[in-house]
Amino acid sequence: MLQVYLVRHGETEWNVARRIQGQSDSPLTAQGEQQVYQVANRVKTLGITHIFTSDLGRTRRTTEIIAQSYHHCEVVEDPNLRELNMGVLEMRDIDTLSPQEETWRKQLVDGTPDGRIPKGESMAEMATRMHQVLDRCLALPPGSRPLLVSHGMALGCLLSTILGLPASAERRLRLRNCSLRIDYQQSPWLASGWVVETAGDVSHLDTPALDELQR
């Protein structure tokens with residue numbers, strides 16, 4: 001069985017300010033750095049052999065801290081792990097969106113087929129690139145234990161599609177600044193392939209974590 005661990009980046013300044021990040025970037029807050037050190041302390045016991053990370057700044061910083069626990073762990077930046085491209089709404093304060101703009105944003109989480117923000121990306125397009133990273137994991141040598149460092153929308157979409165839902169399914173999985181795990185296995189009681197083992201696990205944190213723009 002191949003075990004894959006997933007980590008969402010630590011809290012950022014824009015998470016706290018309720019600004020839409022997408023593929024734009026914002027630095028980790030002091031609490032975000034603390035969260036990452038706490039998850040790194042937990043991850044160091046897992047025997048991680050490879051780290052695949054989004055190439056955005058908030059995930060690269062998260063990876064940098066986690067990788068300090070592993071002196072011989074291969075770290076690979078992969079743009080396929082980037083957050084959803086939020087198009088014309090990137091860098092906007094969510095509380096200032098017009099009714100039309102809020103409709104565009106809601107289409108990403110309310111089950112609208114092929115919903116997208118103008119000049120942005122659909123959930124299906126993001127799901128395709130995220131699954132390409134899982135394919136890379138399957139090609140690793142036997143005994144590997146990879147960790148993927150990515151983003152809230154991206155990881156939520158990945159888990160939804162692993163569960164057999166369409167990429168555009170209503171978003172009902174809360175992903176705070178935390179870690180979770182998926183496994184690839186053959187089982188008589190579960191669908192063969194990728195299955196969710198744990199999700200939204202924040203037991204390693206000693207302070208509350210945010211879910212995207214929600215406090």
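I began with a helix pair: Glu33, Val36, Tyr37, Val39, Ala40 and Val43 in α2 meet Arg61, Thr62, Ile65 and Ile66 in α3. Contact here means heavy atoms within 4.5 Å, and helices are DSSP runs (H or I, at least four residues) numbered from the N terminus. I sorted the residues of this contact into seven nonpolar, one polar and two charged. Ala, Val, Leu, Ile, Met, Phe, Trp, Tyr, Cys and Pro count as nonpolar, Asp, Glu, Lys and Arg as charged, and the others, Gly among them, as polar.

I noted that this is a predicted model, where local features need pLDDT of at least 70, side-chain atom pairs count only at pLDDT 80 or more, and totals for chains, interfaces and linings use all residues. Residues are numbered from 1 along each chain as its sequence is written, and side-chain values use heavy atoms, with hydrogens and water left out.

Next, I looked up the axes of α2 (residues 30–43) and α3 (residues 57–67), which come within 8 Å and cross at roughly 40 degrees. Axes are lines fitted to C-alpha atoms, for helices over the stretch in contact, and angles run from 0 to 180 degrees between N-to-C directions. The two helices are therefore oblique to each other (under 35 degrees is roughly parallel, over 145 roughly antiparallel, 65 to 115 roughly perpendicular, the rest oblique).

Then I turned to α5 (residues 123–138) and α6 (residues 152–162), whose axes come within 9 Å and cross at roughly 80 degrees. That makes α5 roughly perpendicular to α6. Their contact has eleven nonpolar, two polar and no charged residues.
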